Amino acid sequence: MSPALNVHRSILGQPWRWRGLAADARDPNFAPDDLVTQLLLTRGVDRADLERHRTPSIRAFMPDPSIFRDMDRAAERLADAVVAREQVAIFGDYDVDGATSAALLILLLRDLGLEATPYIPDRLMEGYGPSGEALVRLKQQGHGLIVTVDCGAQAFEALAMARDVDADVIVVDHHKCASELPVAHALVNPNRLDETEGAEHGHLAAVGVAFLLGAALVRTLRTRGYFVGRQEPRLLDLLDIVALGTVADVAQLKGLNRAFVAQGLKVMAQRRNIGLAALIEASRLTRAPTCTDLGFALGPRINAGGRVGKSDLGVRLLTTRDPAEARAIAAELDLLNEERRAIEAEVQAAAESLCVTGEDRMVALVAGQGWHPGVIGIVAGRLKEKFGRPALVIAVGDDGIGKGSGRSIPGVDLGAAVLAAKDAGLLIAGGGHAMACGVTVAGDRVDALAAFLEERLAERIAAARGERALLLDAVLSPAGVNPMLVEAMEAGGPYGMGWPAPRIAAGPVRVLKADIVGTGGHVRVIVAGPDGRSMKAVAFRQADSELGQALLSAPSHRRLWLAGRAKVDTWGSRPAAELHIEDAAWAE
């Protein structure tokens, strides 16, 4: 394949390729709509299906919930509980997906006249997933039905203990399943190995699966005549929660997930959920939240409760009816997020130094005594981005047991490798999906785990890294990077994992001015094209990198191609577009 713009090796050492047919926005006859169509086509949309994807709606993408195994059985059991006013507990994971999944079912059941009990395990004291002791205790407290969300697919012992005390458990999960399933009244998971039609939706986050269960429950109650004389709840009003969990869990934004997020952002803009409204305010967002805000502003604050604070803060925030309580919880989460950042920076520095000494490894597996387990997932993500390979970060406690979290790169299924390591007897517990995983491992088995993953994944990682290239969607002159074009490209969103935001090349340009700004080592440049029209661009956290140094020292007579994402800067008196630089190449 011919390189884009003849860039065989950029300043960051990678070739540039066109994602599809290049759109040349330097052409005076270019129309923004042409670019939107191309963005959809190059993200896998059939030409005949363009209109459905231009404005993704729930109606257009929603499957019949009954296609999923155990869905009808789960909905019938939940309907029985609603009609009989049983005590129901919702057992959620401590991350954003778990919190939003639990909150969605609690709010829906509340609208149906049933006040469910939330249970979020303490990350440090109880660990991930349902414990048998907790399930038995909930049963003893009178909860005849327990619904686990975003966990349970691998909880064999815990669910067996629940069965022994006659507790009905419905598992709502999306993590990879083994060929054998734990015993449960119902196990709804598109990633069950025996799924057929439902497997098409294996990219859903747990909150998406919970939404489908909610739809099945409402339909079941409707069939039973439950809404005669009673208002039927509006499931669509809960899409703000679904959008938050979907983006924060880095689920692929294709198909139904895109519809969840596109429509959920509209609901969120109305600030109907008291807790979310308070969180938006605490995050200092003065406009309607965007997809990026869900992943980098709102999600991390809810996660901070489970990582370094009280694990149930997220669910309490999303389900409270008291504005004063919502503001207090949101403020607490904001403070915990600042604490999380400080802890994360310390662990990241230590982890990066270990990665440098093990640069010959394909899997960046590092372990540290006393590292805070609440930040290891974030640090794993940072290592993955910095070193371009899967990363697994393990915090070893005083008891000698390591809790690990991993993040992968496209084309490398880390979750499947972890399940294989568990089957090989290397792990106490473990699971996940293609792009992320969690493990519990004895400290003296860490090296054996590293060797196992290296042997199993090295070839696939090498192939994935060899296929790496910077993919471009369009080429523009600096004058073409304007708010109108950015707005047109946003029409192809929402963007995220599996539905990448447009990346453009601008140039060739001369650097007129370059300096370092902020405390994070950001490089800000002013560049001009052949026609003299200028553009502002920023390379975040690149001051010490090859890219940053090239920009800072670029001679006035040499020209560059810049590649990155076009964004609108609203700080000035009027909106202006700028380029967030991801790479650059000399234009020879």
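**A residue, its contacts and some pairings**

Reply: L135 counts as buried, because its relative accessibility is 0%; buried means under 20% relative accessible area, exposed over 50%, and partly exposed in between (1.4 Å probe, protein chains only). The model is predicted: local features need pLDDT of at least 70 and side-chain atom pairs count only at pLDDT 80 or more, while totals for chains, interfaces and linings use all residues. Residues are numbered from 1 along each chain as its sequence is written, and side-chain values use heavy atoms, with hydrogens and water left out.

L135 is part of helix α6, residues 132–140. Helices (H or I, at least four residues) and strands (E, at least two) are DSSP runs, numbered from the N terminus. Leaving aside residues up to four places away in sequence, L135 touches F91, P130, I146, A158, L159 and A162, where contact means heavy atoms within 4.5 Å. Between L135 and V169, 34 residues apart in sequence, the C-alpha to C-alpha distance is 8.8 Å.

The structure holds 35 salt bridges, each a side-chain nitrogen of Lys or Arg within 4 Å of a carboxyl oxygen of Asp or Glu. In one of them, R284 pairs with D334, the closest N and O atoms being 3.3 Å apart. This pair links distant parts of the chain, 50 residues apart: R284 lies in the loop between α11 (274–282) and α12 (291–308), and D334 in helix α14. R284 is exposed, at 53% relative accessible area, whereas D334, at 12%, counts as buried.

K310 sits in the loop between α12 and α13 (313–319), so the pair ties together parts that are 22 residues apart in sequence.

Finally, α14 (residues 323–357) packs against α15 (residues 376–387) at an angle of about 45 degrees, their axes 9 Å apart. Axes are lines fitted to C-alpha atoms, for helices over the stretch in contact, and angles run from 0 to 180 degrees between N-to-C directions. The two helices are therefore oblique to each other, since angles under 35 degrees count as roughly parallel, over 145 as roughly antiparallel, 65 to 115 as roughly perpendicular and the rest as oblique. Among the residues that meet are R340, E344 and V347 in α14, and I378, V379 and R382 in α15.
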